[in-house]
Amino acid sequence: MRNRNMTARALAALMLLAACQRGEKSAQPGGDTTSAATPSAGPGRPHLLAYATNEGSQELTVIDTRTDSAVASFPVGTRPRGVKVSADGKTVFVALSGSPRCPPTMPDAECEKLKADKSKDGIAVVDAATRKVTRILPGGSDPEAFDISRDGNTLFVSNEDAGTASIVDIPSGKIRATVKVGREPEGVRVHPDGNTVWVTGETDHNVTIIDTKTAKVVGQVEVGKRPRALAFTPDGARAYVTSEVDGTTWVLDVPTRKTLKVIRMPAGSKPMGVEASPDGKRVYVSNGRGGTVSVIEVATDLVKASVPVGQRPWGIALTPDGKKLYTANGPSNDVSVVDPEALLVKKKIPVGQLPWGVALGAAP
């Protein structure tokens, strides 16, 4: 027994040394990082990775969705928030901001006194295989959220402190256009047909619609107070917009750009992230300080149920088969794994400090 224990310790030491040589951190039980080693995908089982941005610790955490364990964490830049993965899974994009982080309890006057370092603004481009930042794209002032064009060549970025959206050409690394949108823009989503991109304006309580080819504003829709995020049904017929202050989710008819319904979320909800299921039958909303995720049935636009997931869930992501949902829970420094059918939390994964967003992609 003693010799076997010594062999195990020696093997563990070698694994730790290898992880250190790769520049990655090895996690201890209950810690927020682990080694980069991941099991290989089995036959017929897609190997998906989840990426969580940690605004507080300035890291990106990688989660293997088959084991639902963190397999790596590494620095990406200042205040990482929005995150997206390229269609082929080879590149992860992360929004970085040099503007100070102001908690909800901080008065606006105090926040305005804090200095911003605009040299730290940008979109980090991460090689998913090496887990290294390869370059920083311009993303306009204080980039927060963004989406990727259908052809993978363009980023549409919300610039919170400037009231604009930046349209970034990925190959050239240049901003193609800057478009005025609603004040304090946050949520950004390209319509499934690729022709328009919709941007929420928190202070103007609206959604601005931009033509992706001409970079011109083609419409605006009034919604509830402080809209945070939006999602389209897979057919593109409806948009669901979360309004934090109102505690509501707005259902918009895309062709007419009219409000179909305003859904009152459960008491205490502060709706934040939103995603539609792959089959278009459900919409999932993270309720921020309400600590839950609510399930909306698209057929009736009624809240079917809510499940407690953690402290202030913000960003959420669904696997392509719709069988797992991941929520980034800021104050508790973890990501919850939710079974959407059973409506229960299967696991909580420790990550870095103040996780903000989460995105899924194929393993490189």
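**Strand pairs and aromatic pairs**

Isoleucine 209 has glycine 219, a residue of strand 15, as its bridge partner. The structure is a predicted model, in which local features need pLDDT of at least 70 and side-chain atom pairs count only at pLDDT 80 or more, while totals for chains, interfaces and linings use all residues. Residues are numbered from 1 along each chain as its sequence is written, and side-chain values use heavy atoms, with hydrogens and water left out.

Strand 14 (residues 206-211) and strand 15 (residues 217-222) run antiparallel and are joined by 5 bridges; strands here are DSSP runs of E with at least two residues, numbered from the N terminus, and two of them pair if DSSP finds at least two bridges between them. Between the two strands of this hairpin lie 5 residues, and alanine 215 takes a positive phi near 60°. Strands of a sheet pair through backbone hydrogen bonds, either parallel or antiparallel.

Turning to the side chains, a search of the whole structure finds 2 aromatic pairs; rings of Phe, Tyr and Trp (its six-membered ring) pair if their centres lie within 6.5 Å, and planes under 30 degrees apart count as stacked, over 60 as edge-to-face and the rest as tilted. Tryptophan 198 and phenylalanine 232 form an edge-to-face pair, with 5.3 Å from centre to centre and 85° between the planes. This pair links distant parts of the chain, since tryptophan 198 lies in strand 13 (residues 196-201) and phenylalanine 232 in strand 16 (residues 227-232), 34 residues apart. Tryptophan 198 is buried, with a relative accessible area of 1%, and phenylalanine 232 also counts as buried, at 8%, the term meaning under 20% relative accessible area, against over 50% for exposed and partly exposed in between (1.4 Å probe, protein chains only).

The rings of tryptophan 314 and tryptophan 356 have centres 5.4 Å apart and planes at 35°, so this pair is tilted. Tryptophan 314 in strand 24 and tryptophan 356 in strand 28 (residues 355-362) are 42 residues apart, and both are buried.

Note on methods. Helix = DSSP H or I, 4+ residues; strand = E, 2+ residues; numbered from the N terminus.
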